[in-house]
Amino acid sequence: MAVTIKRAYEPATRNDGTRILVDRLWPRGLTKTGAAVAEWLRDLAPSHELRRWYHARPNEWSTFRKKYLKELAQPQYQKPLQRLFELAHEKKRLTLLYASKNETLNNAVILKELLEGARKPPRGTGAAAGHAMHKRATMRSR
């Protein structure tokens, strides 16, 4: 499975494979057909509070990253995160789309690293978090 990231405003190409939008808000000025989005995982994006926090502190990437990974470990993120891992398992190529002007420091970068196994969200405290982590590990080992 190959995972790439791309601004949602860039035109779709054959090499994109399945295009997944990972922003909470739909990119301004784009139509659904023009964006060629196969699936919109808006619930996988950082919370409004975290997004606003990072927007006010763009130089605090490492702190944003830690906070976002902590959010991803919460129960409400497990279903969309599981869907992302399913898509990665089912498809040969995924392109994670984002609208941010910052092409190197955005949530799609973190999600790409998660899919590639570089970083995993910290384990939650509940049974649901442990179960979701186990399911993702099982899917990756197939």
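**Starting from one arginine**

Modeller: Arginine 83 is partly exposed, because its relative accessible area is 26%. Keep in mind that this is a predicted model. Now look at who arginine 83 is holding on to: its side chain meets that of glutamate 39 in a salt bridge, with N and O 2.9 Å apart. Arginine 83 sits in helix α4 (residues 75–90) and glutamate 39 in strand β3 (residues 39–40), so this pair ties together parts that are 44 residues apart in sequence. Glutamate 39 is also partly exposed, at 22% relative accessibility.

Across from glutamate 39 stands isoleucine 20. Strands β2 and β3 run parallel and pair over two bridges. Zoom out, and you'll see four strands forming an open sheet with parallel pairing, in the order β1-β4-β2-β3. β1 and β3 are the edge strands, each pairing on one side only. As for what does the pairing, strands of a sheet are held through backbone hydrogen bonds, which can be parallel or antiparallel.

Now go along the sheet to β4. With β2, strand β4 pairs in the parallel sense over four bridges, and here arginine 19 stands opposite threonine 95. With β1, strand β4 pairs over six bridges, parallel again, and alanine 2 stands opposite arginine 93. β4 is largely enclosed by the rest of the structure, because five of its six residues are buried.

Back to the helix we started from. α4 lies across β2, β3 and β4, and runs at about 140° to β4.

α5 is worth a slow look. Seven of its 10 residues are buried, so α5 is largely enclosed by the rest of the structure. Those buried residues are Asn107, Ala108, Val109, Ile110, Leu111, Leu114 and Leu115. They pack against β1, α3, α4 and β4. For one example, pick leucine 115: leaving aside neighbours within four places in sequence, leucine 115 is in contact with Met1, Val3, Leu84, Phe85, Ala88, Leu94 and Leu96.

Both ends of α5 have something to show you. At the start, a side-chain oxygen of asparagine 106 reaches to within 2.9 Å of the backbone nitrogen of alanine 108. Just after the helix, glycine 117 takes a positive phi of about 85°.

Several of these side chains belong to a bigger group. The largest nonpolar core has 27 residues, and Phe64, Leu72, Leu96, Leu111 and Leu115 touch the most other members. α2 (48–56), α3 (61–72), α4, β4 (93–98) and α5 each supply at least two residues of this core. The helix that gives the most is α4, with six residues.

Let's finish with the charged pairs. Counting salt bridges gives six in total. Besides the one we began with, there is a bridge between the side chains of aspartate 16 and lysine 6, at 3.0 Å from N to O. This pair links distant parts of the chain: aspartate 16 is in the loop between β1 (2–7) and β2 (18–21), while lysine 6 is in strand β1, 10 residues apart.

Lysine 112 is partly exposed at 22% relative accessibility, and glutamate 116 is partly exposed at 46%. The two are four residues apart in helix α5 (residues 107–116), so about one helical turn separates them.

Notes
Residues numbered from 1 in each chain as written. Predicted model: local features only at pLDDT ≥ 70, side-chain atom pairs only at ≥ 80, totals over all residues. Heavy atoms only, no water. Salt bridge = Lys/Arg side-chain N within 4 Å of Asp/Glu carboxyl O. Buried < 20%, exposed > 50% of the residue type's maximum accessible area, 1.4 Å probe, protein only. Core = buried A, V, L, I, M, F, W, Y, C linked by side-chain atoms within 4.5 Å. Contact = heavy atoms within 4.5 Å. Polar contact = N/O pair within 3.5 Å; in protein donor to acceptor, adjacent residues only side chain to side chain. Pairing = 2+ DSSP bridges. Axes fitted to C-alpha atoms, helices over the stretch in contact; angles between N-to-C directions.
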